[in-house]
Amino acid sequence: MVDVGSVLQGVQERDKWRHRLDVLERSLAEIHERRRRLETRLRRLRKELSHLRVASDSLVTVVSRFPTSEVSSASQRPVIR
């Protein structure tokens with residue numbers, strides 16, 4: 001005859017492992033989603049850095065065209081009071 005106690009214990013053990021597997025699968029899904037979001041953010045940051053690099057290079061090009069002695073914040077016209 002079948003021992004009911006050992007069958008019940010086997011079913012409980014199986015349910016315990018099934019629950020652990022469910023928890024791990026949910027955790028893995030969350031990790032995949034987090035990774036997807038981080039990769040999207042990284043692509044956005046790389047694109048932004050590329051734009052900043054182009055902007056800074058063009059700024060350096062524009063500034064280097066003018067001699068530094070001519071660039072001044074002082075007014076070139078006399079101030080009339």
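At 30% relative accessibility, Glu-33 counts as partly exposed, where buried means under 20% relative accessible area, exposed over 50%, and partly exposed in between, with a 1.4 Å probe and protein chains only. I start with Glu-33, then move to the rest of the chain.

First, the ground rules. This is a predicted model, in which local features need pLDDT of at least 70 and side-chain atom pairs count only at pLDDT 80 or more, while totals for chains, interfaces and linings use all residues. Residues are numbered from 1 along each chain as its sequence is written, and side-chain values use heavy atoms, with hydrogens and water left out.

Back to Glu-33. Its side chain meets that of Arg-36 in a salt bridge, at 2.5 Å from N to O; the term stands for a side-chain nitrogen of Lys or Arg within 4 Å of a carboxyl oxygen of Asp or Glu. Glu-33 and Arg-36 are 3 residues apart in helix H1, so about one helical turn separates them. Helices here are DSSP runs of H or I with at least four residues, strands are runs of E with at least two, and both are numbered from the N terminus.

Glu-33 also forms a salt bridge with Arg-37, at 3.8 Å from N to O. Arg-37 and Glu-33 both lie in helix H1, 4 residues apart, again about one turn of the helix. Shared partners join Glu-33, Arg-36 and Arg-37 into one network of salt bridges.

Which residue forms a salt bridge with Lys-16? The partner is Glu-13, with the closest N and O atoms 3.3 Å apart. Lys-16 and Glu-13 are 3 residues apart in helix H1, about one helical turn. Lys-16 has a relative accessible area of 34% and is partly exposed; Glu-13, at 37%, is partly exposed as well. The count of salt bridges comes to 5.

Next, the nonpolar side. Val-2, Val-7 and Val-11 form a nonpolar patch on the surface, with about 240 Å² of accessible area together. Patches are made of residues with over 30% relative accessible area and no salt bridge, joining like charges within 9 Å and nonpolar side chains (Val, Leu, Ile, Met, Phe, Trp, Tyr) within 5 Å. Val-7 sits in helix H1, residues 4-65, and is partly exposed at 43% relative accessible area.

Finally, the totals. The protein chain has 1 helix and 0 strands. How much of the chain is buried? Buried residues make up 0% of its 81 residues. The accessible surface comes to about 8,400 Å², of which 59% belongs to carbon and sulfur atoms. Accessible areas come from the Shrake-Rupley method with a 1.4 Å probe, and for residues only the protein chains shown count as cover.
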